[in-house]
Amino acid sequence: MDKFVINGGTKVEGEVRISGAKNAALPLLAGMILAKTPMTLTNIPTLQDVKTLIALIAGMGVSIEKKGDTVTCDTSTINNYYAPYELVKTMRASILVLAPLLARFGQAEVSLPGGCAIGSRPVDQHLKALEAMGADIVVENGYVKAKAPLGKDGKCGRLKGCHFTFDMVTVGGTENTLMAAVLAEGVTHLENCAREPEVVDLANMLVKMGAKIDGIGTAYMTITGVEQLNGCEYAVLPDRIETGSYLALAMMTGGRVKATHTDASIMQAVLNKFSEMGAQVNVGDDWIEVAMNKRPVAVDIRTQPHPAFPTDMQAQLMTVCAIADGTSTIIENIFENRYMHVPELNRLGAKISVDGHTAVVKGVEALKSAPVMATDLRASMSLVIAAVAAEGKTTIERIYHIDRGYENVEEKLRGLGVKIERVKD
């Protein structure tokens, strides 16, 4: 496995171009299955998760290809509706092909998903919603086997519109159900929907394909099913988590970072915390600049669904809190196992204690280098941020996690002045 070697003590300065959002690109790629005619997605990042999902879709016989940041897809060649464990086990978002296959072709067989070990993240809400739309679902031998209601000809027909309320706010569940509803017969009312920008991006693409959706960006959406969706050209929104991660480097090192090709309107909760910690935050139409000329101030953070503070920025901000003046309290409300980076940060000299969902971070003046190990995607970036600020040379093991969510990470870091090297074991 590859590892990073980072010579710390660097004050980062410069510009970084932000890629398309991983968490938006994956549902959009799955949504291409709904299109009866060819379609094109642009601003797709080159990431391991993207490669995995494209391989999964191609395995169904679909003609799909990525060149640069553009993906083209033609579903007319599809010959099976099967998503195997070998691919799904590496990435939870693979479950998002379930609804498009079921809605358009009336059947699907998808392995239960894997991904980062940050919590159980069950798919029960996905399945309950599809069953409410008339799907016959059996979970057998680790696979979800789903069929739409039979039509008058005795073959798989269309799903039926329904009124469904999610038991909890679920991004993946909202996305899967939305993709099922756009081709369902009749009207579907969805309550307690996730409002994340990535959900909005998917809904906007579906509308461009011909879907009829009201209430986009709210907790209550009404979808009037149509018989067919057609292909279109659509650009993925910027990655708000990648943006926040690079801006956090300026906070951590007393530097200045300007993120370009991004959107401040989709990450206001994070920028508010940056300002609260003493950073100078300036924004433009497609850029955000953060500068820090003093030690950060301790803050309290509570992760919640959008528009509140996102769980995917918790590890990065905890790292900044580790060198802040004062004591910070962080409460993780989304995932029950998302503090695995804490022991690794403590190895670098941080003083963090955890009790259940609460982490108490007593700021220290500086971190010092040590060998550490990445445990999940966002934890990987938190350790990179810490290593850049730490005195000495830090080795980070198991960096395959970071390749799942950050495009050209070494190149971008070097552009900011970070001394980083990828070493192959």
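This is a predicted model: local features need pLDDT of at least 70, side-chain atom pairs count only at pLDDT 80 or more; totals for chains, interfaces and linings use all residues.
Residues are numbered from 1 along each chain as its sequence is written, and side-chain values use heavy atoms, with hydrogens and water left out.

Back to the pocket. Its volume is about 270 Å³, meaning the space filled by probe spheres set on the grid points, which are joined across faces, edges and corners. The lining has 15 residues; Arg-17, Ile-18, Ser-19, Glu-407 and Lys-412 lie nearest the centre. A pocket here is an open set of points on a 1 Å grid over the protein atoms alone, where a 1.4 Å probe fits, with protein on both sides within 12 Å along at least five of seven lines; lining residues have an atom within 4 Å of a point.

Which elements supply at least two lining residues each? β2 (13–17) and α14 (409–415). β2 gives the largest share, three residues. Helices (H or I, at least four residues) and strands (E, at least two) are DSSP runs, numbered from the N terminus.

Now Lys-22. This residue is in helix α1 (residues 22–31). Buried or exposed? Lys-22 is buried, at 6% relative accessible area. Asn-23, also in helix α1, is partly exposed, at 27%. The cut-offs: buried is under 20%, exposed over 50%, partly exposed in between (1.4 Å probe, protein chains only).
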